[in-house]
Amino acid sequence: MDVSICIVNYNTAELTKRCIQSVLDNISNIMFEIIVVDNASTDDSIKIFEEEFEKKIILIKNPTNRYFTGGYNDAAFKAKGKYLLFLNSDGYIKDNSIKIMFEFLEKNQDVGAVEGTIIDEE
């Protein structure tokens, strides 16, 4: 596994759905997993993710809100990827950027972390 993409959700079903779909639509030629941690949402997030992304994501269902830190820690413990990508649920991926970051890290073993460009397109 090359990259584990970790997303924390708390009552942001539609944003998270868009985020997950952007990864699926814009990633290729790399081994990846998407781990979504739901922090006890009350907006039908779990039902939506199970119906829309069955077998495409690993879904962790927290019984309480463990906030971003706890959620990302839960995802990191479950992750099998060589690298972790912490992706906010309101973010999205374009142009196979995860593979580009992966290749950069593979070529630059002295680098410990990278960040993508954040663009506000709205």
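A polar contact is a pair of N or O atoms within 3.5 Å; within protein, one atom must be able to donate a hydrogen and the other to accept it, and residues adjacent in sequence count only if both atoms are side-chain atoms. The structure is a predicted model, in which local features need pLDDT of at least 70 and side-chain atom pairs count only at pLDDT 80 or more, while totals for chains, interfaces and linings use all residues. Residues are numbered from 1 along each chain as its sequence is written, and side-chain values use heavy atoms, with hydrogens and water left out.

A polar contact of 2.7 Å links the side chains of Asn-9 and Thr-12. Asn-9 belongs to strand E1, residues 3–9; helices (H or I, at least four residues) and strands (E, at least two) are DSSP runs, numbered from the N terminus. Asn-9 counts as buried because its relative accessibility is 0%, where buried means under 20% relative accessible area, exposed over 50%, and partly exposed in between (1.4 Å probe, protein chains only). Beyond its neighbours within four places in sequence, Asn-9 is in contact (heavy atoms within 4.5 Å) with Thr-16, Val-36, Val-37, Asp-38, Asn-39, Ser-41, Ser-45 and Phe-49.

Four strands make up an open sheet with parallel pairing, in the order E3-E2-E1-E4. Two strands pair if DSSP finds at least two bridges between them. Strand E3 (58–62) and E4 are at the edges with a single partner strand each, so one side of each lacks a neighbour in the sheet. From one strand to the next, the twist averages 20°. E1 and E2 run parallel and are joined by seven bridges; here Asn-9 stands opposite Asp-38 in E2. E2 and E3 also run parallel, with five bridges between them, and Val-36 stands opposite Leu-59 in E3.

H1 lies across E1 and E2 and runs at about 175° to E2. Helix H3 (residues 67–78) packs on the sheet, where it touches E1, E2, E3 and E4, and its direction makes about 140° with that of E2. For these angles, axes are lines fitted to C-alpha atoms, for helices over the stretch in contact, and angles run from 0 to 180 degrees between N-to-C directions.

A nonpolar core is a set of buried Ala, Val, Leu, Ile, Met, Phe, Trp, Tyr and Cys residues joined through side-chain atoms within 4.5 Å. The largest such core has 23 residues, and Ile-5 and Ile-98 have the most contacts inside it. At least two residues of this core come from each of E1, helix H1 (13–25), strand E2 (32–39), helix H2 (45–53), strand E4 (83–86) and helix H4 (97–107). Apart from this core lies another, of eight residues, including Val-8, Val-37, Ile-60 and Ala-75.

Two loop residues have positive phi values. Most residues other than glycine have a negative phi. Asp-44, in the loop between E2 and H2, has a phi near 65° and is exposed, with a relative accessible area of 52%. Asp-95, in the loop between E4 and H4, has a phi near 55° and is exposed at 61%.
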